[in-house]
Amino acid sequence: MSKTSIDVNNLPYADGDFYAFEELMSDKERSRLEEIRAWLAREVRPNAVDWWNRAAFPMDLIPKLADLDPMSPVHRQGYSNLFAGITHAEFTRADTSIATFMGVHDGLFTGSIEALASKEQQEEWLPDIYAMKKIGAFGLTEPLGGSDVAGGTRTTARRDGNSWVLNGAKRWIGNATFSDWVVVYARDLADNQVKGFMVDTATPGFSATKIENKIALRTVENADIVLDDVVVSDDFHLKGANSFRDTNKVLKVTRLAVGWQAVGQQLAAFDVARRYAVEREQFGRPIASFQLVQQQLVQILGNAMSSMGMMVRLSQLEDAGKAKDEQSALAKAFTTARMRESVAAGRNILGGNGIVADYEMAKIFSDAEAVYSYEGTQEINTLVAGRSITGIAAFV
């Protein structure tokens, strides 16, 4: 019998919100958040390890997501960016892969249309996208181009009468193996500017091949895309996407979302590590009674709360229309660095069980590596922030 009796189902600070940040939301938003949390606890978290182990995306979840209707809470439903961010953190807390699916479809893909499509294009496309009758992907990163795509993609677009002909390749494109549409960013051969195009994945010359053998986000179906003389009508050129500066309008907002993912990833690590620590016994006592274990749990929570505080303020600035690119860059760099520390501490608390996906922590630990890398690397986001405080660009 343990010397310390602990009710693992009734732990203090059950939601991990140590500084009550959620109280900054309206009553309506908090009520909606609890509804989403209950859905995630029922539909996602119990199945997430199985999906991850099998590297299989649960297509049957899409209609259920549509019924939950989490799409575009700010643009479409009138909620705050703070609510949208905390919701995205909760999706990540339940499963990073499903959060990434939503980040691609509702963030990068839908965000491109909301920010860069004409009013007429939005009216035609958005109803089916919001209803999740049409699933989308976002094609920017390339096999030989990641951080340097701002200087121009290798994928090209050539105007041919009332159409465009696209040629090139994209890599790491989430959802692309089963999506209906992909927003493809390509360099216009006429003016060397990056433009955006809505591409039907059934178009001749378009192919998507699933990337296998990943150690992170295994449930997400990332793909290699090839565009071989893909013909797109000018009606499917996003009318507001005519330079990389336009593309960056989307990336600034989605970079904010990845900062919230880093928060959710840390809260997931905290959830699993704390429960394990109070249940696991060594030397006749729960390991949560040992000082060094408590130190690591506090480190995880402290990292999560400092990250959350930064993201709360950035979301408030976004709501006020005052958020800047460099603020999103610093947030992404800072929160993901803290996330790496947190998931490492969580894995350490679980010891050998921390490398077995059955205990969840191995999945959380591995998925963090993808969050650390996408939406701008640590190095690039650091240099964007560094340029803003020195006035000197240190890029190659």
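Helices (H or I, at least four residues) and strands (E, at least two) are DSSP runs, numbered from the N terminus. This is a predicted model, in which local features need pLDDT of at least 70 and side-chain atom pairs count only at pLDDT 80 or more, while totals for chains, interfaces and linings use all residues. Residues are numbered from 1 along each chain as its sequence is written, and side-chain values use heavy atoms, with hydrogens and water left out.

**Stop 1: Gly139**

Select Gly139, which lies in strand 1 (residues 136-139). Gly139 has a relative accessible area of 0% and is buried (buried means under 20% relative accessible area, exposed over 50%, partly exposed in between, with a 1.4 Å probe and protein chains only). Next, show its contacts (heavy atoms within 4.5 Å). Leaving aside neighbours within four places in sequence, Gly139 touches Lys170, Ile173, Val182, Val183, Val184 and Tyr185. For a distance across the model, pick the C-alpha atoms of Gly139 and Val396: they are 257 residues apart along the chain and separated by 24 Å.

**Stop 2: helix 1**

Before the helix itself, select Ala20, in the segment before helix 1. Ala20 is not a glycine, yet its phi is positive, about 55°. Its relative accessibility is 27%, so Ala20 counts as partly exposed.

Now select residues 27-43, the 17 residues of helix 1. From first C-alpha to last, helix 1 reaches 24 Å, close to the 24 Å expected at 1.5 Å a residue (the expected span is 1.5 Å times one less than the number of residues). Which residues of helix 1 are buried? They are Glu29, Arg32, Leu33, Ile36, Arg37, Trp39, Leu40 and Glu43. These residues lie on the same side of helix 1 because they cover an arc of only 165° around the axis (the arc is that of the directions from the helix axis to the C-beta atoms). An α-helix has 3.6 residues a turn, so residues three or four places apart point the same way.

Then turn to the face away from the buried side, which carries the exposed residues Asp27, Ser31, Ala41 and Arg42.

**Stop 3: the cavities**

A cavity is a set of points, on a 1 Å grid over the protein atoms alone, where a 1.4 Å probe fits but cannot get out; lining residues have an atom within 4 Å of a point. Grid points are joined across faces, edges and corners, and a volume is the space filled by probe spheres set on the points. There are two cavities of 30 Å³ or more.

The largest cavity holds about 60 Å³ of space. To find it, select its lining: Arg45, Thr92, Arg93, Ala94, Asp95, Thr96, Gln265, Ala268, Glu360, Lys363 and Ile364. Helix 4 (81-94), helix 7 (244-279) and helix 10 (361-373) each give two or more residues to this lining. The largest share, three residues, comes from helix 4. By class, the lining has three nonpolar, three polar and five charged residues (Ala, Val, Leu, Ile, Met, Phe, Trp, Tyr, Cys and Pro count as nonpolar, Asp, Glu, Lys and Arg as charged, and the others, Gly among them, as polar).

The second largest cavity has about 50 Å³ of space. Select Ala55, Lys210, Ile211, Glu212, Asn213, Lys214, Arg218 and Val220 to show its lining. Three of these residues are nonpolar, one is polar and four are charged.

**Stop 4**

Select Asp229, in strand 7 (residues 222-233). Asp229 is not a glycine but has a positive phi of about 55°. Its relative accessible area is 45%, which makes Asp229 partly exposed.

Move to Lys252, in helix 7. Is Lys252 buried or exposed? Lys252 is buried, with a relative accessible area of 16%. Beyond its neighbours within four places in sequence, Lys252 is in contact with Glu318, Ala323, Lys324, Asp325 and Ser328.

**Stop 5: helix 11**

Finish with residues 378-390, the 13 residues of helix 11. Its end C-alpha atoms are 18 Å apart, in agreement with the 18 Å that helix 11 should span at 1.5 Å a residue. Gln378, Asn381, Val384 and Ala385 are buried in helix 11. They share one side of helix 11 because their arc around the axis is only 135°. Their cover includes helix 7, helix 9 (325-350) and helix 10. The opposite face, turned away from the buried side, carries the exposed residues Glu379 and Thr390. Last, select Gly391, which follows helix 11 and has a positive phi, near 75°.

Terms used. On a 1 Å grid over the protein atoms alone, a cavity is a set of points where a 1.4 Å probe fits but cannot get out, and a pocket is an open set with protein on both sides within 12 Å along at least five of seven lines; lining residues have an atom within 4 Å of a point.
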